[in-house]
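Here are a few exercises on helix packing and nonpolar cores. Grab a viewer and work through them one at a time.

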Amino acid sequence: MLASEATKLVGAVWWPWLLGGTVVVTVAVTLVLASFVRPEEGVPAAQVLTAGHPVLALGLLGLGVLVGAGDFTTGAATSTYLAVPRRLPVLGAQAVLTTGAAVLTGSLAAAGAAVVTDGARARALPGALPGPDHLTTVGAGVGLVLHGTGLALLALGLAVLVRRPGPALVGPVVLLLLVDPLLAAGAGPVTDVVRGLLPAAGTAMLTEAGPPVGPLRGGLVLAGWVAVVTAAAAWRLRTRDVT
């Protein structure tokens with residue numbers, strides 16, 4: 001199944017453009033934003049490094065959606081699941097490939113961002129203050145990769161669950177780029193709790209400007225969303241018709 005799904009992915013015309021473009025645009029946006037950093041502003045170095053994370057998030061959400069919904073939008077689902085009646089091995093293979101592609105893309109984006117922001121990070125706060133929830137620049141780079149991978153898997157599960165790329169992409173984008181900023185604008189005890197329960201809590205792995213839950217708890221919240229959505233997708237895939 002891994003070989004079969006890898007053949008589908010490599011044979012698709014979109015994947016090098018999507019993943020390569022995601023890396024290039026993420027690094028470019030990070031460079032542009034880093035050029036505005038001034039020492040007196042007190043911006044942490046970790047925040048400079050991860051400034052382009054919304055672009056990376058969008059690209060990896062697109063990766064998960066296209067992999068998960070591909071069979072259903074092209075009509076290949078019937079032949080795929082006729083060849084694999086148990087069905088869940090297909091989802092497992094897609095998850096493995098999505099994880100690998102997301103880790104590679106996120107790592108290249110993080111490495112590129114580290115190179116182009118070297119001077120800006122030198123002007124920023126060092127990002128090495130003590131405390132269990134404080135992010136170093138290295139930790140933020142790792143968080144950037146983990147956050148993007150989690151979003152890709154979340155989008156994969158949603159795409160398999162709803163079987164249409166549009167809703168599978170719109171849902172996470174609204175939660176990440178619309179709902180969370182609106183809640184952040186009205187910061188308070190209730191909104192902080194709500195933000196800490198949404199998938200956007202995973203951004204705490206990147207920057208201290210994210211939801212006030214800390215990197216570890218933010219990552220666990222995102223992982224919980226991935227687990228629940230993937231379980232729902234597996235249940236529907238196993239119990240419902242795929243035509």
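**Exercise 1: a helix pair**

The crossing of α4 and α8 is right-handed. Keep in mind that this is a predicted model.

Task: work out which residues make the contact between α4 and α8, and how they divide into nonpolar, polar and charged.

Solution. Start on the α4 side, where the contact residues are H53, L56, A57, L60, L61, G64, V65, V67, G68, A69 and F72. Across from them, α8 brings in L144, G148, T149, L151, A152, A155, L156, A159 and V160. Now sort them: 15 are nonpolar, 5 are polar and no charged residue takes part.

**Exercise 2: the geometry**

Task: find the angle at which α4 and α8 pack, and say how far apart their axes are.

Solution. Helix α4 covers residues 53–74 and helix α8 covers residues 137–162. They pack at an angle of about 30 degrees, and their axes are 7 Å apart. Angles under 35 degrees count as roughly parallel, so α4 is roughly parallel to α8.

**Exercise 3: the core**

Task: say which residues of the largest nonpolar core touch the most other members, and which element gives the most to this core.

Solution. The core has 43 residues, and L60, L63, Y81 and L237 touch the most other members. Next, look at where the core comes from: α4, α5 (77–83), α6 (88–116), α8, α9 (165–185) and α11 (215–239) each give two or more residues. The biggest giver is α8, with 11 residues.

Finally, zoom in on L60. Beyond its neighbours within four places in sequence, L60 is in contact with L19, A102, T105, G148, T149 and A152.

How values were computed: Residues are numbered from 1 along each chain as its sequence is written. This is a predicted model: local features need pLDDT of at least 70, side-chain atom pairs count only at pLDDT 80 or more; totals for chains, interfaces and linings use all residues. Side-chain values use heavy atoms; hydrogens and water are left out. Axes are lines fitted to C-alpha atoms, for helices over the stretch in contact, and angles run from 0 to 180 degrees between N-to-C directions. Helices (H or I, at least four residues) and strands (E, at least two) are DSSP runs, numbered from the N terminus. Angles under 35 degrees count as roughly parallel, over 145 as roughly antiparallel, 65 to 115 as roughly perpendicular and the rest as oblique. A crossing is left-handed if the near helix is turned anticlockwise from the far one by less than a right angle, and right-handed if clockwise. Contact means heavy atoms within 4.5 Å. Ala, Val, Leu, Ile, Met, Phe, Trp, Tyr, Cys and Pro count as nonpolar, Asp, Glu, Lys and Arg as charged, and the others, Gly among them, as polar. A nonpolar core is a set of buried Ala, Val, Leu, Ile, Met, Phe, Trp, Tyr and Cys residues joined through side-chain atoms within 4.5 Å. Buried means under 20% relative accessible area, exposed over 50%, partly exposed in between (1.4 Å probe, protein chains only).
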